[in-house]
Amino acid sequence: MVLAESRIFSLEQAADEDVDTITALFNSNPEFLHGHLGLDAINYAWIIAQQTQMREQHFVTAKLVERASGKVVGYCEYRHGETAYLSMFLMEGGIQGRLLGTAAYEMLEHYLFDNGSKAARIDVVFGYEGDTVSFWQKRGFSTMQDIKINWGRKILDAHVMVKLLKEPEAEG
């Protein structure tokens, strides 16, 4: 099911048949896997367990699809609310630095705003090579506090980052 679209991407609800693609997407990000999980790779069962846990906590699991090619290039987990909670935002490993993550996040932000969210929160793990703190700061997020996250076998340092959302500017 398509949730939102931009000129470049569509945000679509992840389905069971997407598990192999999402597994490959995670495995294309070795810095993320090492920094967050202490693993070299994850498997199909890990993705199924992650998605099940997030859905039980009322998060939407979604894929970011490049419209021109139909290729899945990103994955996110979020929960609607006055402050939307973005639990996961991950782009394919080979496309960083091409502003595609920025474009994909902007589409997601517009979608969240259009669906009633006034702010967005993301917990950003820091202190490893390739961390994304600067990406989120450039998107207007500010650190509200530092926390510890227990994910799998690791205790992680993270910033709770928040951004007030506003009506998107019209495209020219």
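**Salt bridges in a predicted model**

Visitor: Okay, where do Lys 163 and Glu 109 lie?

Guide: Lys 163 is in strand E8 (residues 154-164), while Glu 109 belongs to helix H4 (residues 100-114). They are 54 residues apart in sequence, so the pair ties those parts together.

Visitor: And is Lys 163 buried or exposed?

Guide: Buried, with a relative accessible area of 16%. Glu 109 is buried too, at 10%. Both count as buried because the cut-off is under 20% relative accessible area.

Visitor: How many salt bridges does a search of the whole structure find?

Guide: Seven. One of them joins Glu 12 to Lys 63, where the closest N and O atoms are 3.8 Å apart.

Visitor: Which parts of the chain does that pair link?

Guide: Distant ones: Glu 12 sits in strand E2 and Lys 63 in strand E3 (residues 60-66), 51 residues apart.

Visitor: Which residue does Lys 63 form a salt bridge with at 2.9 Å?

Guide: That's Asp 18, and the 2.9 Å is between the closest N and O atoms. This pair also links distant parts of the chain, since Lys 63 is in strand E3 and Asp 18 is in the loop between E2 and helix H1 (19-27), 45 residues away.

Visitor: Let's go back to burial. Is Asp 18 buried or exposed?

Guide: Asp 18 is buried, with a relative accessible area of 9%. Lys 63 counts as buried as well, at 12% relative accessibility.

Visitor: What joins Glu 12, Asp 18 and Lys 63?

Guide: Salt bridges that share partners, and they make one network of Glu 12, Asp 18 and Lys 63.

Visitor: New topic: what's the mean pLDDT of the chain?

Guide: It's 90, and 97% of the residues in the chain reach 70 or more.

Visitor: Where is confidence lowest, and where is it highest?

Guide: It's lowest in helix H2 (residues 30-37), with a mean of 84. Strand E2 (residues 9-13) has the highest, at 95, and Glu 12 is in that strand.

Methods
Residues numbered from 1 in each chain as written. Predicted model: local features only at pLDDT ≥ 70, side-chain atom pairs only at ≥ 80, totals over all residues. Heavy atoms only, no water. pLDDT = per-residue confidence, 0-100. Helix = DSSP H or I, 4+ residues; strand = E, 2+ residues; numbered from the N terminus. Salt bridge = Lys/Arg side-chain N within 4 Å of Asp/Glu carboxyl O. Buried < 20%, exposed > 50% of the residue type's maximum accessible area, 1.4 Å probe, protein only.
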